Amino acid sequence: MKLELLSGAVLMSVVAAAHTPVDTLHSYSLHEIVVSGTRWAQDKELQSHRITTVNFADANTYNPQTVADILGSTGDVFIQKSQYGGGSPMIRGFATNRLLYSIDGVRMNTAIFRSGNIQNVISLDPFAISSSEVMFGPGSVSYGSDAIGGAMTFSTLRPSLSVSTAPRIYGSATLRTATASSELTEHVHFGAGWKQWAFLTSFSHSSFGDLKQGVYGPDDYVRTQIVEPGFDADGMDDRVIANTNPRSQTPSGYSQFNLMQKVRFAPSKNWDIEYAFHWSETSDYARYDRHLRTKNGLPRYAEWNYGPQKWMMNNLKVENSERTLMYDSLRVSVAYQRFEESRISRDLNSPNRETQTESVDAWSINADFKRSPSRSVGISYGAEYVLNKVRSVGEGLNILSGETIQISSRYPKAHWHSAGVYAQADWRLSPALSLSAGVRYNYYRIDNDFSAVGYDVPFSSKQSSSSGSVSGNVGMNWSPGLGWLLRVNYARGFRAPNVDDMGKLFDSVDGCVTVPNPALKPEYADNVELGIAKSFGSHFHFDITGYYTHLTDAIVRRDFIFNGSTTMEYMGESCRVQALQNAAVARVWGIQGAFKTNFSKWFYAEANLNWQRGFEELDSGDISPSRHVAPLFGRAAVGFEHNKLKVELFTVFQAECAAKDMPEEEKDKTEIYALDENGNAYAPAWCTLNLQASYSLIKNLILSATVENIADRRYRPYSCGISAPGRNLTLSLTYSL
């Protein structure tokens with residue numbers, strides 16, 4: 001891999017840091033408080049695995065469009081996008097359903113989180129989140145299935161109680177626009193608090209036009225022709241026309257709104273009750289990479305859209321801090337979530353539009369306890385139960401005649417159950433040495449009903465599968481003094497197969513169809529990591545972590561025999577049959593590094609760099625680079641901050657992934673990659689130079705401006721199906737009470 005550097009940005013790529021929502025100086029303090037390791041507030045010095053903290057209150061001055069963009073701007077999380085309304089985090093070589101999302105302690109992962117790229121994280125409102133933590137490596141003890149590559153925990157704004165007899169009134173409003181997509185975003189939140197009661201309301205709305213990419217870069221990314229769908233009395237009339245602006249990635253625009261309402265009641269000093277309602281909904285939005293596919297030299301699809309992505313959560317949380325024999329603190333959370341998504345596609349000049357719609361009702365209950373028998377020992381333990389009900393339907397519509405028919409649904413009707421118990425203990429053996437260990441037992445059961453999926457299966461239409469999994473971790477932290485910290489950690493994580501793994505029918509790539517396989521079992525990841533951090537007073541900090549992860553019984557897509565055949569008819573085409581199977585071993589290793597230095601009272605520089613390699617077994621016994629292992633990437637910045645003004649010059653960069661280093665399943669996706677001199681797909685290196693500034697105009701009124709991609713580079717991050725913005729000016733104005 002080679003790293004391409006823009007002229008004038010060489011120094012910056014060495015120094016480090018893109019949009020810096022993270023207060024990196026603070027985040028490397030050895031005594032920072034974090035919650036992701038044990039689900040309770042705890043000194044970071046006791047955590048034996050790497051954790052990155054994101055302060056969203058600061059992050060929003062950097063004008064992020066989505067939560068995915070904020071995670072990407074840390075320099076530790078690589079973000080993949082198949083379309084503008086996307087954002088699939090990749091952490092330490094793992095992604096999608098091998099990462100865990102938690103919102104206010106409630107798992108967002110559902111039984112249809114897929115192995116392909118997902119965009120559920122954009123359902124969260126960046127304006128309504130107070131902080132987030134990224135815990136790297138397996139976190140299955142605290143979070144159960146899916147926390148293999150890491151866990152991302154998000155804490156939303158809480159209603160604030162008043163500490164006096166007068167009510168506390170607070171809030172803010174933001175207006176933002178951006179040139180690369182003609183964005184317009186409005187946000188407002190308002191809160192009121194008394195001694196025992198408090199309320200908080202938050203609302204955001206964003207609209208984005210088609211995203212424009214840069215001027216200078218590979219011609220492979222420009223969009224020279226687009227489809228103008230239509231029909232008349234004589235039949236279909238889809239027209240392939242020239243794109244008047246080849247840099248405009250048409251179609252890619254969409255809109256979204258978010259609503260959050262919270263009520264808090266504290267009847268006494270030991271009890272705290274909070275109810276939260278969240279709602280998020282997008283418009284239809286095109287899956288841009290599918291619009292790049294061709295057939296016989298013409299676009300394959302006239303339409304390929306995701307329907308509205310909807311997410312609702314009701315969460316009732318009760319906390320008690322009265323010391324008892326069982327606990328010092330207790331938290332019980334009961335939540336109901338509903339997810340809805342759909343896929344809408346129509347081939348060029350075909351009158352038949354296929355729509356597959358999925359909905360998931362997700363109930364969960366968590367009980368978490370914390371107990372400190374002595375000043376040197378801390379214990380946390382708890383239990384969790386999750387139930388997902390999956391509904392999936394397929395409908396075909398002839399847009400000429402209006403006739404509808406049933407087509408294959410994406411999933412069977414299914415119930416997914418998960419129950420787990422866990423315990424974690426920490427021992428401070430001396431002021432310099434602490435140990436931690438934890439264990440979890442998790443049981444899952446899936447009940448699939450294939451009787452109404454719209455195709456024949458070579459097994460009983462009703463299938464059930466269940467299994468138990470044990471995960472654990474053990475770690476040590478040693479602080480020998482003089483600002484040094486040494487971390488050593490071993491963790492074992494697992495992922496229970498879900499409905500997407502066992503029951504999906506889907507065309508993963510042209511000419512292949514993925515079919516159900518009820519015989520799947522859990523996959524396991526063993527991870528070892530070693531971290532070293534050093535603080536030279538308040539002037540210089542660095543943190544380096546090396547890790548190795550071994551995944552066994554990996555669930556991967558392989559050729560398969562279905563109904564006695566290696567091929568089947570799907571959506572009018574003869575396709576090669578594949579299925580997800582426990583058929584491989586995967587290995588990932590890498591190094592994460594970060595530093596921050598203060599030149600003086602007002603000037604700073606900071607850096608984040610991630611290098612990783614990974615391989616998985618192929619069906620032939622050969623090995624291939626792992627799909628979700630990103631090339632070398634990072635961020636770099638130098639900045640000035642004093643009184644009302646903050647200015648930061650930063651860069652974001654990615655090394656090349658040459659054709660020989662491409663994963664096997666990526667090599668045929670020539671529509672989304674650049675082509676080398678031999679016509680093979682590869683991901684070119686790129687580096688951008690950017691400038692951000694914010695200034696307090698008057699009391700409580702802040703103007704923020706960001707110029708991204710100053711050199712107007714045309715680039716597409718590895719594995720992405722859409723190019724990043726070209727030169728982009730973002731302006732925002734925020735007023736706070």
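Rings of Phe, Tyr and Trp, the last taken by its six-membered ring, count as a pair if their centres lie within 6.5 Å. The legends below refer to a predicted model.

**Figure 1. An aromatic cluster in the predicted model.** Y84, F208, Y254, Y285, W304 and Y306 form one aromatic cluster. Across the whole structure, a search finds 25 aromatic pairs.

**Figure 2. The tilted pair of Y336 and W363.** The ring centres of Y336 and W363 are 5.1 Å apart and the planes make an angle of 40°, a tilted arrangement. The pair links distant parts of the chain, with Y336 in strand β27 (residues 329-347) and W363 in strand β28 (residues 352-374), 27 residues apart. Y336 is partly exposed at a relative accessible area of 21%, and W363 is likewise partly exposed, at 35%.

**Figure 3. The tilted pair of F536 and F540.** The ring centres of F536 and F540 lie 5.7 Å apart with the planes at 50°, so this pair is tilted. F536 counts as partly exposed at 40% relative accessibility, and F540 is partly exposed with a relative accessible area of 29%.

**Figure 4. Charged side chains over aromatic rings.** R331 is placed over the face of W40, 4.0 Å from the ring centre. K596 lies over the face of Y604, at 4.5 Å from the ring centre.

**Figure 5. An open sheet of 5 strands.** The strands follow the order β3-β9-β10-β7-β8, and their pairing is mixed. β3 (51-55) and β8 (106-107) stand at the edges with a single partner strand each, so one side of each has no neighbour in the sheet. β3 runs antiparallel to strand β9 (residues 129-136), and 5 bridges join the two. Within this pairing, I51 stands opposite M135 in β9.

Figure 6. The structure holds 0 disulfides. For C512, the nearest cysteine sulfur is that of C575, 7.4 Å away; C512 is buried, with a relative accessible area of 4%. The sulfur of C687 is 16 Å from the closest cysteine sulfur, in C720, which is too far for a bond. C687 also counts as buried, at 2% relative accessibility.

**Figure 7. The salt bridge between R293 and E671.** A search of the whole structure finds 49 salt bridges. In the one formed by R293 and E671, the closest N and O atoms are 3.5 Å apart. R293 lies in the loop between α6 (288-291) and β23 (294-295), and E671 in the loop between β43 (645-654) and β44 (674-675), so the pair ties together parts that are 378 residues apart in sequence. R293 counts as buried, at 8% relative accessibility.

**Figure 8. The salt bridge between D361 and R391.** The closest N and O atoms of D361 and R391 are 2.7 Å apart. D361 belongs to strand β28 and R391 to strand β29 (residues 377-398), so that distant parts of the chain, 30 residues apart, are linked. D361 is buried, with a relative accessible area of 6%, whereas R391 counts as partly exposed at 40%.

Figure 9. D543 and R487 form a salt bridge with the closest N and O atoms 3.4 Å apart. D543 lies in strand β37 (residues 540-559) and R487 in strand β34 (residues 484-495), so the pair ties together parts 56 residues apart in sequence. D543 is buried, with a relative accessible area of 5%, and R487 is buried at 4%. Elsewhere, salt bridges that share partners join D104, R158, K262, R264, D272 and E274 into one network.

Notes: Residues numbered from 1 in each chain as written. Predicted model: local features only at pLDDT ≥ 70, side-chain atom pairs only at ≥ 80, totals over all residues. Heavy atoms only, no water. Phe/Tyr/Trp six-rings, centres within 6.5 Å; stacked < 30°, edge-to-face > 60°. Helix = DSSP H or I, 4+ residues; strand = E, 2+ residues; numbered from the N terminus. Buried < 20%, exposed > 50% of the residue type's maximum accessible area, 1.4 Å probe, protein only. Lys NZ or Arg CZ within 6 Å of the ring centre and 35° of its normal. Pairing = 2+ DSSP bridges. Disulfide = S-S within 2.5 Å. Salt bridge = Lys/Arg side-chain N within 4 Å of Asp/Glu carboxyl O.
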